[in-house]
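Please consider the structure shown below. The paragraphs that follow lead through selected parts of it in turn.

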Amino acid sequence: MNKTLLMLLCSALTIQTSYADETAPTQTASNKPASIARAAYNPLLAASTLAYELPAFNKIRNEHFAPAFASAIRAHEKEIAAIANNRAKPSFENTIVALERSGQTLNRVSTIFFNLTATHTNPVLEALSSEMAPKLSAHQDLISLNDKLFARIEQIVKVRDQLKLDAESSRLLDRYYTDFVRAGAKLDATQKEKLKALNAQLATLGNQFSQNVLKETNSSALVLEHKEDLAGLSDAEIQIAAAAAKAKGMDGKFLIPLMNTTGQPAIASLEKREIRQRLHEASVNRGSHGGESDNRKIAIELARLRAERAQLLGYTHYADYGLEDETAKTSTAVNKMLSGLAPAAVANAKAEAAELQKLIDAKQGGFQLAAWDWAYYTEQLRKEKYAFDDGQLRPYFELNQVLEKGVFFAATKLYGITFKERKDLPVYHPSVRVYEIFDADGKPMALFLADMYARDSKRGGAWMNSYVEQSHLFGKKPVIANHLNIPQPPAGEPTLLTVDEVKTAFHEFGHALHGLFSNVKYPRFSGTNVPRDFVEYPSQVNEMWATWPEVLKNYAKHYQTGAPIPQTLLDKVAASKKFNQGYTTTEYIAASLLDQRWHQLTPAQIPADAIAFEQAALKDMGVDFAPVPPRYRTTYFSHIFGGGYSAGYYAYLWSEVLDADTVEWFHEQGGLNRKNGDWFRQQLLSRGGSIDPMESFRQFRGRDPKIEPLLLRRGLK
Ligand SMILES: [Zn+2]
């Protein structure tokens, strides 16, 4: 039974038919039993025979999912019943390991399904997703609330001292016990019925919230009639906007799609103030302007149901329930950290605002700085102060170079792993690329899917997920994917990244490494199966290599001339690192506090008006500085209402403490080399959830984490 079906974090399936037939896999999957002939009618029902069990995307069709879910759920139910009703005395092997082995088909079907609804969805998959959300939740409850099963687990826990379990197995036993208790195993029959109803409603609404965000993000894209309105954008960006409009049947117009965050990158360049304002308002009004995909009521309802569920399980509110299983442990600890850092962040943002206002006044702007001016004037100020803008860097950041000569190069230098593109394997969208990864000793190790481009069928943001998780129990090697949302350039044009996109590529590959280097026995502990407030740590560490001189020199070359990025430009980038930190820290802390506020409500405190609640909360927490709105507003905050970050958005900053401390370690130890990489891999990346994450940090670092490097980095000291 594998807990993580979903991606981190962060619909009809178009079938690719243009791929060559499967060729012999480099690594042969274990031979599957006789059921394979029947299962051939539905490729989801048997493990793929492709290399590393990569899903046979060229054979999977929309109509395969519903019957596959039905069959996989039935099969899992049978397995669970057999474990629960086993006449033999409960043992670690016949109960815990048996549970760990169960549900493999369902896990496979769900993994492929949820990956596709996130990356390349369609109306058929969206409808099925709505239908499956409560069914899967009910199925999960059938296991978690199974009295006989829990009784067996309790009996094993009682005699655990006599079992002589190895450390990882012992931890697995704890994990199962805790998971069952947290899922309601100790409730009485009436309470269990109530919990089941709450779970089903939560699953349905969470799914609906995410689907609404995707719809709203697509439908709120800004359509412009006149080319003059795009003044400030580069020719390439204008071409992209024209192509995007054309693709939607609006030939001759221009379309600026929305990113999932409040801030929209085009605002940094758009010269016309009213266009910037329109783009900003399109962004912040998502999900709150009426209509079918309005999320205001859904957010309130989700908060209420979560609060009720938390109380049913014996907690004051949802945050206390959620945080207990994180490294932060309590909402008090999270509140303390966020509200402790907020005043300094807001003060920095206000100082930055004053500078921007000066610039506006010097240009006789005659207006007060607003949220839609921030990025534009920040870019002007950057040019003035550091004499460069993002546009000058982009020609040096061609996607393929960044990925292969940057992200992969750094991983080779650190860990000795090598990459070979596999064009023979099927993918779910023609822009997805597959790489086989070989370990330092040359042995085949994993597959990596790079899915870099934005499209309407893909959720916003960037994330990593796994199609196959490493485990020694099943003898499986990982298949990991990274997803970004880089705008597709017009045909024949190169894909030139922004600094942020380069950083994101390194970040997501940091998650990928966590999955790729996993070296655990049980799938429950594989790779990124760690607390949310720990999972962002390895990914953030990996960002450091994006600007590491040896790595930069290798990938940052002009896409036309091949000339290396000029050192003077790099020096300017380095000098501007702390630039605009007040803004980025404040927008992030505001969103994190908003998340905590929504999830620290008791059922009696649930508000009637989501927007009014949001405004009051921001004010109360001292982060209601209008020019810096929260990174996400309630109605499109998918991380917390649709995804797995409810009461957990603080995790990025929490993880950044470990990240900044680790970056310091790499500097102290001489940076980019095999010795450092191997130590980090061995002590940290390979452990997954198989040991206490903070313990693995201590083993890696030799001491507890220190917060100073983070404060320094973010200018909060
Ligand atoms: Zn991440």
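At 2% relative accessibility, His511 counts as buried, the term meaning under 20% relative accessible area, with over 50% being exposed and values in between partly exposed (1.4 Å probe, protein chains only). His507 is likewise buried, at 9%. This is a predicted model, in which local features need pLDDT of at least 70 and side-chain atom pairs count only at pLDDT 80 or more, while totals for chains, interfaces and linings use all residues. Residues are numbered from 1 along each chain as its sequence is written, and side-chain values use heavy atoms, with hydrogens and water left out.

Because His507 and His511 are four residues apart in helix α18 (residues 499–516), about one helical turn separates them. Helices are DSSP runs (H or I, at least four residues), numbered from the N terminus.

The largest nonpolar core has 146 residues, of which Phe397, Phe506, Phe509, Trp545 and Tyr555 touch the most other members. Such a core is a set of buried Ala, Val, Leu, Ile, Met, Phe, Trp, Tyr and Cys residues joined through side-chain atoms within 4.5 Å. Helix α14 (residues 331–362) contributes the most to this core, with twelve residues. Another core, of 34 residues, lies apart from it and includes Leu44 and Tyr467.

Terms used. Helices (H or I, at least four residues) and strands (E, at least two) are DSSP runs, numbered from the N terminus.
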